[in-house]
Amino acid sequence: MRQKARQIRHLVIYAALGGIIGVLVLHPVNSLVVWMEYASLFSGRYSGFGQFAWERVSGAPLLHLMAMNVIFAALGAIMGLVFSVLTLALSRQARTTEALLEDLQMALPGVIAGGENERTEFKSTLRWDIRESRTNRSLEQVIAKTIAGFMNHEGGRLLIGVADDGELLGIDPDLNTLRNPTADEFERALIGIVRTYLGSAVCPLVRSRFLTIDGKTICWVLVERSDTPVFLLLSDTSKYFVRLGNSTRELNAAEAHDHILRRRH
């Protein structure tokens, strides 16, 4: 109830401010536009825009002036309402995202303790080869394979920065391979991998959140189930992966055909 009252108050305030702006800003701007468009017709009668605006206001009939102000106040109020609705929607989305992050943060220790399973996969890095201490692009294919497996099954979560045994590694090694070592750049690199190996159409099914536990930043990748088959593209070859138990397995042509048929029913 209080939330509803706050929203109504927010709408009223923005509408009132919009109305004031309509009268004090939109109306004068409209007069300026008229002056600029027809300045050649007014040059003999008025010395400048100031005189034109003053005489236009002071010489106008009261009802006409009131009607004009009402029109511009209404336009301003509509703009204020639109802006109010947009800000409320953005605020609601921000609260939802914040609540999701809090839920994920609280769930993270339990998810890691539960180990890998049908809906959970751990990856130490996105593309940094820990053993060879270098960037290894083939690791990106492993990430794409896992995401494809989740999409072809029931969705799942991929935790990057966590070793297979649950040890927290963090994503700092991957960040250091990026031009800008930021979470936004990491997310762009992740989506780039999805786009390259799985196609742009499935990118909206992948969302990432960055959580911190014991001083280590972990990337929690949320993968939704795809309604259509998702293939991993390698050169001229398309491969079909599916999540089975706690691993991702490639199916041959016959198995993939049967699996796709079963998913449709």
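Start at the hairpin of E7 and E8. Two residues sit between its strands. One detail to look at is serine 235, which takes a positive phi near 55°. Keep in mind that this is a predicted model.

Now the strands themselves. E7 covers residues 231–234, and E8 covers residues 237–244. They pair in the antiparallel sense, over four bridges. Find phenylalanine 231. Opposite it, in E8, stands tyrosine 240.

Let's step back to the whole chain. How many helices and strands does the chain have? Eight helices and nine strands. The chain has 265 residues, and 36% of them are buried. Take the contacts with a separation of 6 or more: 64% of these join residues 24 or more positions apart. As for the surface, the chain exposes about 15,700 Å². Carbon and sulfur atoms supply 59% of that area.

Next, the inside. The largest nonpolar core has 30 residues. Which of them touch the most other members? Ile147, Met151, Ile160 and Leu198. Helix H5 (138–151), strand E4 (156–160), helix H7 (183–198) and strand E6 (216–223) each supply at least two residues of this core. H7 gives the largest share, eight residues.

Zoom in on methionine 151. Leave out residues up to four places away in sequence. Methionine 151 then touches, among others, Leu198, Val202, Leu205 and Val206. Its contacts also include Glu224, Arg225 and Arg263.

One more stop. There is a second, separate core, with 13 residues. Among them are Ile112, Phe122, Leu168 and Trp220.

How values were computed
Residues numbered from 1 in each chain as written. Predicted model: local features only at pLDDT ≥ 70, side-chain atom pairs only at ≥ 80, totals over all residues. Heavy atoms only, no water. Core = buried A, V, L, I, M, F, W, Y, C linked by side-chain atoms within 4.5 Å. Buried < 20%, exposed > 50% of the residue type's maximum accessible area, 1.4 Å probe, protein only. Contact = heavy atoms within 4.5 Å. Pairing = 2+ DSSP bridges. Areas by Shrake-Rupley, 256 points an atom, 1.4 Å probe, with all protein chains shown as cover.
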